Amino acid sequence: MENKFTVRGLNLYYGDFQALKNINIDIPEHKVTALIGPSGCGKSTFLRTLDRMQDTVEGARVEGQILFDGEDIYRRDCDVIKLRKKVGMVFQSPNPFPKSIYENIVYGPRVHGITEKKKLDEIVERTLKEVALWDETKDRLNDSALGMSGGQQQRLCIARCLAVEPEVILMDEPTSALDPVATAKIEGLMHELSKKYTIVIVTHNMQQAGRISDQTAFFLLGELLEVNPTDKIFSDPDNIKTEEYISGRFG
């Protein structure tokens, strides 16, 4: 199995505060890796190191190594714009642009130089089909994205991410603001997308991690306490760390 990311000795500081402590993890290609743990444990912070979004935080400093397809993304000459094209992000709450459904999806391709109408139309149809939105939106592509339901908006945001043809999709609690029906649709979508993309998802929901992920990483107080295949994490009776977390002893 190929690893999309290889993380070794990762430490992250905000000024004098150490938010991540000696993180070592391999993230396999075309699999879903779930990051779990209580609030404030470092899982979202770690997620943002994978596309260097922490660069935008004043005082943030990273030590260690993150290899993406064997290349160190924190080397001085790394093209961060190119990295973020390959590593897309979907946020906790749906955040469509106040534009039409069509314009939301073609925004990224246009930024990267695609202007031909036929090509943009193809991207819109392809990505909406990938997120199972095409049949719901094909007759109203010029309508505002803000008029969609929350679940539709989140799937649109995933389509917007896919429009620039990433290799990795980072998801920071993408269903926490959705109802159970919309959540089920997003979970099913993640299963399908993992056949083509590498997915890393932050979730507070232990049951969700069990349903959707191939690998689960358990964070606590900035440390990675355990990373294993998901079925081992949740089925091993000797797994003390996870049992303590499930029972509420870690928050």
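Start in helix 4 and select L120, I123, V124, T127 and L128: these residues are buried. Buried means under 20% relative accessible area, while exposed means over 50% and partly exposed lies in between (1.4 Å probe, protein chains only). The five cover an arc of only 115° around the axis, so they sit on the same side of helix 4. That arc is taken from the directions that run from the helix axis to the C-beta atoms.

A word on the model. It is predicted, so local features need pLDDT of at least 70 and side-chain atom pairs count only at pLDDT 80 or more, while totals for chains, interfaces and linings use all residues. Residues are numbered from 1 along each chain as its sequence is written, and side-chain values use heavy atoms, with hydrogens and water left out. Helices (H or I, at least four residues) and strands (E, at least two) are DSSP runs, numbered from the N terminus.

**Stop 1: around helix 4**

Show all of helix 4, residues 117–130. At 1.5 Å a residue its 14 residues should span 20 Å, and the end C-alpha atoms are 20 Å apart, which agrees. The expected span is 1.5 Å times one less than the number of residues. Contact here means heavy atoms within 4.5 Å. Step just past helix 4 to A132, which takes a positive phi of about 60°.

**Stop 2: the core**

Select I105. Which residues does I105 contact, leaving aside its neighbours within four places in sequence? They are I123, V124, T127, L128, L156, A159, R160 and A163. I105 is also among the residues with the most contacts inside the largest nonpolar core, which has 39 residues. A nonpolar core is a set of buried Ala, Val, Leu, Ile, Met, Phe, Trp, Tyr and Cys residues joined through side-chain atoms within 4.5 Å. Another core lies apart from it, with 29 residues, including V7, L10, V87 and L170.

**Stop 3**

Colour the open sheet with the order 6-7-8-3-9-10; its pairing is mixed. Two strands pair if DSSP finds at least two bridges between them. Strand 6 (87–90) and strand 10 (223–229) stand at the edges with a single partner strand each, so one side of each has no neighbour in the sheet. Zoom in on strand 7 (residues 168–172) and strand 8 (residues 198–202), which pair in the parallel sense over five bridges. Pick V168; its bridge partner in strand 8 is T198. Helix 6 packs on this sheet, touching strand 6 and strand 7, and its direction makes about 165° with that of strand 6. Axes are lines fitted to C-alpha atoms, for helices over the stretch in contact, and angles run from 0 to 180 degrees between N-to-C directions.

**Stop 4**

Move to the open sheet with the order 2-1-4-5, where pairing is antiparallel. Strand 2 (17–28) and strand 5 are at its edges, each with a single partner strand, so one side of each lacks a neighbour in the sheet. Strand 1 (residues 3–14) and strand 4 (residues 60–68) pair over eight bridges. Select R8 and find its partner Q65 in strand 4. End at the hairpin of strand 4 and strand 5, with two residues between them; D69 in the turn has a positive phi of about 55°.
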